[in-house]
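Have the viewer open and follow along.

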Amino acid sequence: MAANASGNGYLSGSNLERVLRAGHFAVTGELGPPQNADGEVIRKKAALLKGYVDAVNITDNQTAIVRMSSIGAGTIVVQEGLEPVIQMTCRDRNRLAMQSDLLGAYALGMRNVLCLTGDHQTFGNHPNSKNVFDMDSTQLVQMMVHMRDEKVFQNGEAFKGPEPRFFVGAAESPFAHPVEFRPLRLAKKVKAGANFIQTQLVYDIKAFEAFMEKVRALGIHKETYILAGVGPLKSPGMAKYMIENVPGILIPEDMVKRMSQAGAPWAGKSKDELTKDDKKARSNAWQQEGIQICIELIQQLQKIEGVAGVHIMAIEWEEAVKPLVEGAGLYPRPIVANPVEEVA
Amino acid sequence: MIVAEQKSLNEIKQLVGAAKNVLVVGCGTCVTVCFAGGSREAAILASSLRMASKLEGGPKAVSDVTVQRQCEWEYLDEIAEQVKEAELVVSLGCGIGVQAIAEHFPETWVVPGLNTSFLGLPTEQGIWMERCAACGDCVLGLTGGICPIARCSKSLLNGPCGGSVDGHCEIDPEVPCAWQLIYDRLSSMGKLEFMTEIQPVKNWRTSRDGGPRRIVRNDLRLAAEEE
């Protein structure tokens, strides 16, 4: 993969970039900021993830619900000694705001950004709002790469002073429609300059293998780092909900069955027959099975050529990351020296 | 065409307020075709307002008239007398018609009877859909005649996003995914390059983002002067 001219061979020098460049199987996590101004929530979640992931995505008003800003929460994460991946959507900001936020994020110590289109605001808690979509995610990738490599703003004006040097990521949903176009769309984002890709949740390994085969045929896996999205199921109900309601999520029937069977000792009883302790025990059994399934998925993904890591989405269940990473044999996380710090 | 929908009778009644002598003005072009503000709708609204005012104990004089196009001065001139006699005008034209009446008859209070919805067409009896966002820089020649600006919920130029499901948009199963339509059309015609090449950031200056727009055609201005 092309190195840059910054002297140390790294584009951004972020931990995520160093781990990937060193050839390690990377692990990223996800941290959802609170719907309030409590920074302590971020510190607690960061403590659960520190040491188990190479970097953690900070979501940007995910599902169009107002939350603490990604860069605000990311600043706390940096203070806690964990590396953030700032998620930036095109829904809420125009090119002026996005560039100024990128300058601020870089100055605050952030080094990775994931460029997203953004969920439509009709899904969220401010459905009457106006959306922006001045740019789309592919164009955002391109703009950030130009800022870093050409040292110019979106309008072509040159920077007077240091440019923000981010490790630039993009997302792809391998099973969203039209399915035949998805590898080509991924290729387009990589052509725009995406250094890493995080995918939508993968449960169906066979379907993902077919996707990766097309990706490899296009040679994209050699030009970017592809991190497959994984997430532990919490219950059979969650699996069924996602199958029906979340675009681009495929969950094999066997997997849903496995989740149901984990709750077999409590099956056939109505809600009133189950005590609080029963419900707790059933929930634990489901969660254990969900984690086990996810560990197996990670191990299968490791064997697929072109998969450079996993992106664990255990949002509002950060406790699951430790057993997942340990269970998959990915703990401890590698330490790759930072050339910038060594020079300093 | 410009597609519009009539406001509720309650809202129109509130806009009319205490006015006793009301003129409802229909428009004979777009809003006639979409059954929102033609002569038929103008007559029905006038009669509804009369009946409602009578029931509420303060009968109003409500008449109606329909012009060919509310958006041209010469057609508005035809109703100048009636407008002047009225205390208030309810325009059943689109937003352009309402403003044309306000501009042409500065001494008359005019209120809208319609909500102007979009630029579109009837796809089948009783269903209208948006087709154009009037962005001022048409890309239809590249997209196979399907507009991503007006028809993609996020106006993406490098779509589709991850929310395309079975041909429809994630926001509503009744809304087709514009990018699925574009993909189907371009791939069937062997012209997928538009979707595989990175489409640059759009210049929104020709759209509303550049401020209210204006077109000056000097050829037509000169021709008018010569006459």
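Let's start in chain B, where B:F35 sits in the loop between α2 (30-33) and α3 (39-55). Helices here are DSSP runs of H or I with at least four residues, strands are runs of E with at least two, and both are numbered from the N terminus. B:F35 isn't a glycine, yet its phi is positive, at about 55 degrees. Most residues other than glycine have a negative phi, and most peptide bonds are trans. Is B:F35 buried or exposed? B:F35 counts as exposed, at 54% relative accessibility. The cut-offs are under 20% relative accessible area for buried, over 50% for exposed and partly exposed in between (1.4 Å probe, protein chains only).

Before going on, a word on the ground rules: this is a predicted model, in which local features need pLDDT of at least 70 and side-chain atom pairs count only at pLDDT 80 or more, while totals for chains, interfaces and linings use all residues. Residues are numbered from 1 along each chain as its sequence is written, chains are lettered from A and ligands numbered from 1 in the order in which they are written, and side-chain values use heavy atoms, with hydrogens and water left out.

You'll find A:K151 in the loop between α5 (137-150) and β5 (167-172), and with 38% relative accessibility it is partly exposed.

Then there are the cis peptide bonds. One links A:Y331 to A:P332, with omega at about 0 degrees, and A:P332 belongs to the loop between α11 (321-327) and α12 (339-343) of chain A. Another links B:G159 to B:P160, again with omega at about 0 degrees; B:P160 is in the loop between α7 (148-151) and β8 (164-165) of chain B.

## Chain A overall

Chain A is built from twelve helices and eight strands. Its radius of gyration is 20 Å, close to the 20 Å from the globule rule for 344 residues, so chain A is as compact as a globular protein of that length. (The radius is taken over C-alpha atoms, and the rule is 2.2 Å times the number of residues to the power 0.38.) The C-alpha trace spans about 70 × 45 × 45 Å along its principal axes.

Buried residues come to 56% of the 344 in chain A. Of the contacts in chain A with a separation of 6 or more, 79% are between residues 24 or more positions apart; a contact means heavy atoms within 4.5 Å.

## The nonpolar cores

Nonpolar side chains tend to be buried together in soluble globular proteins. A nonpolar core here is a set of buried Ala, Val, Leu, Ile, Met, Phe, Trp, Tyr and Cys residues joined through side-chain atoms within 4.5 Å. The largest one has 85 residues, and A:Y203, A:F208, A:I251, A:I298, A:L301 and A:I312 touch the most other members. Helix α10 (residues 276-302) of chain A is its biggest contributor, giving eight residues.

Which residues does A:L301 contact, leaving aside neighbours within four places in sequence? They are A:V202, A:I205, A:F208, A:A228, A:V230, A:V307 and A:V310. There's also a second, separate core of 21 residues, including B:A4, B:C34, B:L49 and B:L92.

## Chain B overall

Chain B has ten helices and ten strands. With a radius of gyration of 22 Å, well over the 17 Å that the globule rule gives for 227 residues, chain B is more spread out than a compact globule. Its C-alpha trace spans about 65 × 50 × 25 Å along the principal axes.

Of the 227 residues in chain B, 41% are buried. Contacts between residues at least 24 apart make up 59% of those in chain B that join residues at least 6 apart in sequence.

## A buried lysine

Finish at B:K202, in the loop between α9 (193-196) and α10 (218-226) of chain B. B:K202 is buried, at 5% relative accessible area. Not counting residues up to four places away in sequence, B:K202 touches A:R95 and A:Q139 from chain A, along with B:C135, B:D137, B:I149 and B:L157. B:K202 and B:L156 are 46 residues apart in sequence, with 9.7 Å between their C-alpha atoms.
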